[in-house]
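Hi there,

Here is the structure we talked about. Please have a look at it first, and then read on below.

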Amino acid sequence: AESAKSSASAGASGVGMPQLPPLEQYEKLLAGGIAGACAKTLTAPLDRVKLLYQVDPSKAFSFGDAMRRSSKIVAETGVLSLWRGNGLAMIHVIPYGALVYMTFDNYHTFLVDTAQLSPMPARFLAGSAAGATATMVAYPLDLLRARFMAHVGRNEKYAPGIFGALSDIQKREGLGTLWRGLNPTLVGIVPYAGISFCLFETAKVSVRDFLALSTDAEIPTAIRLSAGALAGMIAQSVTYPLHVVRRRMQVIEEPLALVTFKSAAAPVAASGVARTSVTAAGTTVVTAAATAAAAATAAAQASVAATAAAISGPSVAAAASRTPKLAAKHYTSIGRAIMHIAKTEGVYNGLFKGLMLTWVKAPLTTAIGFTMNDWVKETLRTRRLGAAAAAGAAAGAVMAGGAGRGNAEA
């Protein structure tokens, strides 16, 4: 698709420019990974502060409160804590970004060349499919990142290392928990990725035609950034409520089996009591093993808090663990979650909580991502073209040298 666009634009302009060579799949992966890493790292503090509001029903968003909350985090745990979870973000976003940008090119080529779709539908469908593909592959890392970012305090939430943390979640809550929130994520990513890719690619074509440019590489960086920012802001605004639901589902820390039981039957006590009743000959036996386990867990948590208070005072104890607790029964489906948030918190202060911060972050993330992806790909193409030209010149010199020696011998 890229080579076809280059040759078509060159032919339309009538300029005999050298055709840029197509990229290999690993080069597209490299470009997408670099783009995603740069975009996420530069906007990580905004992302973390926004997530803290999204998963906390008790906090109303305002820029002033966001500044105070950021300052409190820095005072308690240091400025680098604003990048908490960014290491996981890199491990997540590099494969995610690599896949989404690479598969977009592949899907777009198929839809245009094989399915014979017109440009606008092809861009939207290719973007949607690329976003869904990358999301499903990298989702457990995104869930883990959300939990790290939602945790405020000095104590580590899980065992050290990514695999240790994933193992902790699997043991406590079950393997399926690693994909909790995938449904709203997919429902949100399909229009988000479709809209953002469609708008950005269409804007590039329009700018190239308006300015009579031969290739995408000639589009000024400022215009490219602006197009990416606009695409990101529109796409994120349209799908924002699903993003809030996704984050809340991700930070719920109850086993999926218990959540299903609680949503289908009578409520279970918050302490996590699980009763198994067996009736035989009129006798009911109640098993309270889960009660004892819950009590032991609570006692251990109280011991940790008490130790922190004794050693470092109340401020450290307060900072030890402040992960928001959400009632899982309200988040068993997308519809139920949206209705619960709208009813208890309102539309603006609930479903669109933190949207104003997203209007700052999303344009930056999308603009940086699209621009870096294009820049890396153009750099790789240019280097390959230069290498090919140098190889051709070397071959010509060898041939010329051989011809000169033949003439001298003659």
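What follows is about the aromatic rings.

A word on the basis: this is a predicted model, where local features need pLDDT of at least 70, side-chain atom pairs count only at pLDDT 80 or more, and totals for chains, interfaces and linings use all residues. Residues are numbered from 1 along each chain as its sequence is written, and side-chain values use heavy atoms, with hydrogens and water left out.

The structure contains eight aromatic pairs (rings of Phe, Tyr and Trp, the latter by its six-membered ring, with centres within 6.5 Å; planes under 30 degrees apart are stacked, over 60 edge-to-face, the rest tilted). One of them joins Tyr101 and Phe197 edge-to-face, at 5.8 Å centre to centre and 70° between the planes. Tyr101 belongs to helix α4 (residues 86–114) and Phe197 to helix α7 (residues 182–210), so this pair ties together parts 96 residues apart in sequence. Helices here are DSSP runs of H or I with at least four residues, numbered from the N terminus.

Tyr101 is buried at 13% relative accessibility, and Phe197 is buried at 4% (buried means under 20% relative accessible area, with a 1.4 Å probe and protein chains only). Phe197 also pairs with Phe104, this time stacked, with 4.3 Å between centres and 15° between planes. Phe104 sits in helix α4, 93 residues from Phe197 in helix α7, and Phe104 is buried too.

Ring pairs join Tyr101, Phe104, Phe197, Phe200 and Phe370 into a cluster.

Best wishes

Methods:
Helix = DSSP H or I, 4+ residues; strand = E, 2+ residues; numbered from the N terminus. Buried < 20%, exposed > 50% of the residue type's maximum accessible area, 1.4 Å probe, protein only.
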